[in-house]
Amino acid sequence: MKLADYEPIVGPNIIEELKSLARRLKGKLVRNINSTAVGGGVAEILMRLVPLLNELGLDVRWDVIKGEERFFSITKKFHNMLHGKKVKLLPNEIELFLKNGEDNLKNMDLSGDILFIHDPQPIVLVKKKQFQKKSKWLWRCHIDVTEPNEQIWSFLKTFIEQYDASVFSSPNFAQQLKIRQFLIAPSIDPLSDKNKDLSQNEIADVLNRLKIAADKPIITQVSRFDYLKDPLGVIDVYRLVKKYTDCQLILAGGTATDDPESALVLNKVTEKAQGDPDIHILALPPTSDIEINALQRASTVILQKSVREGFALTVTEALWKAKPVVASAVGGIPLQIKHEFSGLLSRTTEGTAYWVKQLLNSPDYAQNLGRVGKEHVRQNFLLTRHLREYLLLFLALYHHSDIVNI
Amino acid sequence: MMKEAKQPFVFYTRLHLQELTSRKARSLKELLENIREVSGSVIYHHTHSFLQRYQSLSPEPPNDFAYWVGEVLGEQKLAEELASIDTIQFSSIRALRNKLTQTIASHIRQMERTGQGQFRVASRQEQFHFVKSISFIFPTPYLAHDLLEFVEVLKKVTINSIYFHVFEAKLRLEKSVNDFSFWIDTNLDMPALAEKLARLDPYTYNLQGLRAKIIDSINNYIKENSK
């Protein structure tokens, strides 16, 4: 994609503003480093942002650290511990993690004006900073660290505080740190398969393929089959609503074959839904972006009844499609939904059902919420805003006051 | 023939980056304590970020403090008092901060005196996080040499530019009047129009509405004065 492709969506003056900002960073070498070139949210966002930053005149590169299977199973454990899992990090695991860091330090080109390190896997690379006095080092945390396991956080903190600044995705993730912490929310790409406009025919094709008839209102939740997303609670909500309004429910999510809990939750959900032809449980392969897009667009109301959330990009996607959303007031959801303005927030099963009934019976109100929600995403959560904030972040590394004339 | 300005108006813009402070509040008393102690950039952020985040929403929610006190703590009366603070009357963040603290402190005293109400504590998920705005200010390519050019540029610039000249210049940079009124008065010698724009309460419009209102006022002025 080119910057010009985004102009019809955000307006020419937003693109002009990006170019103006980028001129102040022209030629700066920004080196992104993460742990994988494909798969996962970090790679997905870098894949989109790096070419656009280069088009703006920066010299932006993207390198990936090397590591063996054992290293990645340890960093997977880090990830779970950052989510709060109560397990112990063993001395040999720490040793192997540090050894990997040393190996990558020896073998990687770490030249550049700004070293932009993503997540814990490559965090050790900051050791090089002491030999590069002119380089700025940034650590970007893409993980939900609302309540991290104390052991892993103390361990990582010794590295984090060597950076010039850190970046988190939600105010809930803020930590006590000696370095600056910036807040940059994730974003969606309005031109990706998951979010681009679809014709009525394309939507109908997907519904036909998935054997869903659009003959009654559709309530949908898109998320992986995980207790934290409360899919069983979503069925309860649907049943409370169904007493008064004939409707159908779609629970659509990816299948994670490597996650035994996911299969267990999927079984429980299937069991609970048994006998009701109006509940559609769709375990979709990872290549189903167009299908997810079409399901969201075909829905009357979208739910996100999570118990815990990171930023909840599924909510962003639904809002972008101008859909009325009822979602739990957790994680990054309140950043996206201001109750009764851009969607509805709920805290209980009964409350969620109450709001869904209101929306099904008041289509004008539902439409208005959807309209405001879409504009809110246009102004705050599209890729172009992410791009702008990365440019501002790079500039902030060279300025330390709260009001900066550039 | 349009009167030419002594000095052209240079349109600037400003963009914000948010910085986390690690400060949090779960109750009214914690909110008050933090409002007293945080930097002016934090107060500025929480009294203005709604305007930017909800540019097309009308009427936009007033400010983060009022919204949180009402929606999360359920203190509707205090929420209304905070929402109705007349931000345009304050020429400095310091003065605005004083008004906020007085309003919350007086509400707490009243609750303690009368024993009415209950000091609620927000869940960790819904606690208030204090964030500050870092503003980056820079010139746009747009200049206006007279009122007609000025109104044409107003239609084109980003909402961030209008925001900068109307809100940020006045409150954060502590100028006595918004930049548009100042230029129209001192460079075009049109005090009546300058006064009209200065009297607008920009906090009662969404940003697109504010753009339309300013353009409208200028177009009307041009029409009336070309008769």
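Modeller: Before you ask, the domain bounds here come from an automatic or database domain assignment. The model is also a predicted one.

Biologist: Fine. Into which domains is chain A divided?
Modeller: There are two of them, and domain 1 comes in two pieces of sequence. Domain 2 covers 200-380, and domain 1 takes 3-187 + 382-396.

Biologist: How many residues does the contact take from domain 1 of chain A, and how many from domain 2 of chain A?
Modeller: The C-alpha centres of the two domains of chain A lie 31 Å apart. Even so, heavy atoms of the two come within 4.5 Å of each other, and the contact takes 14 residues from domain 1 of chain A and 13 from domain 2 of chain A.

Biologist: Which residues in domain 1 of chain A lose the most area to domain 2 of chain A?
Modeller: Between these two domains about 1,000 Å² is buried, with carbon and sulfur atoms giving 57%. On the domain 1 side, three residues together account for 38% of what that side buries. They are A:I9, A:P186 and A:L382.

Biologist: Which side chains meet in a salt bridge at 3.6 Å, N to O?
Modeller: Between domain 1 of chain A and domain 2 of chain A the count is 1 salt bridge. A salt bridge needs a Lys or Arg nitrogen within 4 Å of an Asp or Glu carboxyl oxygen. The pair at 3.6 Å is A:R308 and A:D144.

Biologist: By class, what residues has the side of domain 1 of chain A that touches domain 2 of chain A?
Modeller: Across that interface there are also 5 residue pairs in polar contact. Sorted by class, the domain 1 side has 6 nonpolar, 5 polar and 3 charged residues.

Biologist: Over to the other chain. How many helices and strands are there in chain B?
Modeller: Read along the sequence, chain B goes β-α-α-α-α-α-β-α-α-α-α-α. Its C-alpha trace spans about 70 × 30 × 25 Å along the principal axes. The tally for chain B is 10 helices and 2 strands.

Biologist: What separates the centres of domain 1 of chain B and domain 2 of chain B?
Modeller: Chain B splits into domain 1, made of 4-13 + 138-225, and domain 2, which is 15-132. In contact across the boundary are 20 residues of domain 1 of chain B and 21 residues of domain 2 of chain B. Taken over C-alpha atoms, the separation of the centres is 29 Å.

Biologist: Which element gives the most to the side of domain 1 of chain B that touches domain 2 of chain B?
Modeller: The area buried between those two domains is about 1,800 Å², of which carbon and sulfur atoms give 57%. The rule finds 3 residue pairs in polar contact across the interface. On the domain 1 side, α7 (159-172) and α10 (207-225) of chain B each supply at least two residues. The one that gives the most, with 8 residues, is α7(B).

Biologist: How many salt bridges are there between domain 1 of chain B and domain 2 of chain B?
Modeller: The rule asks for a Lys or Arg side-chain nitrogen within 4 Å of an Asp or Glu carboxyl oxygen. Between the two domains of chain B, the count is 0.

Biologist: Now the two chains together. What area is buried between chain A and chain B?
Modeller: The contact involves 49 residues of chain A and 43 residues of chain B. Carbon and sulfur atoms give 54% of the buried area. The area itself is about 3,900 Å².

Biologist: Which side chain does B:K132 meet in a salt bridge?
Modeller: Across the interface of chain A and chain B the rule finds 4 salt bridges. One of the side-chain pairs has its N to O distance at 3.2 Å, and there B:K132 meets A:D402.

Biologist: Which elements of chain A each supply at least two residues of the side that touches chain B?
Modeller: Between chain A and chain B there are 21 residue pairs in polar contact. Both helices and strands of chain A contribute: α2 (12-23), β6 (180-183), α14 (363-380), α15 (383-396) and β13 (403-405).

Biologist: In β2(B), which residue is the bridge partner of A:N405?
Modeller: β13(A) is joined by 3 bridges to strand β2 (residues 128-146) of chain B, and the two run parallel. The partner of A:N405 there is B:I137.

Key: Residues are numbered from 1 along each chain as its sequence is written. Chains are lettered from A and ligands numbered from 1 in the order in which they are written. This is a predicted model: local features need pLDDT of at least 70, side-chain atom pairs count only at pLDDT 80 or more; totals for chains, interfaces and linings use all residues. Side-chain values use heavy atoms; hydrogens and water are left out. Buried area is the accessible area (1.4 Å probe) that two parts lose on being put together, summed over both. A polar contact is a pair of N or O atoms within 3.5 Å; within protein, one must be able to donate a hydrogen and the other to accept it, and residues adjacent in sequence count only if both atoms are side-chain atoms. Helices (H or I, at least four residues) and strands (E, at least two) are DSSP runs, numbered from the N terminus. Two strands pair if DSSP finds at least two bridges between them. Ala, Val, Leu, Ile, Met, Phe, Trp, Tyr, Cys and Pro count as nonpolar, Asp, Glu, Lys and Arg as charged, and the others, Gly among them, as polar.
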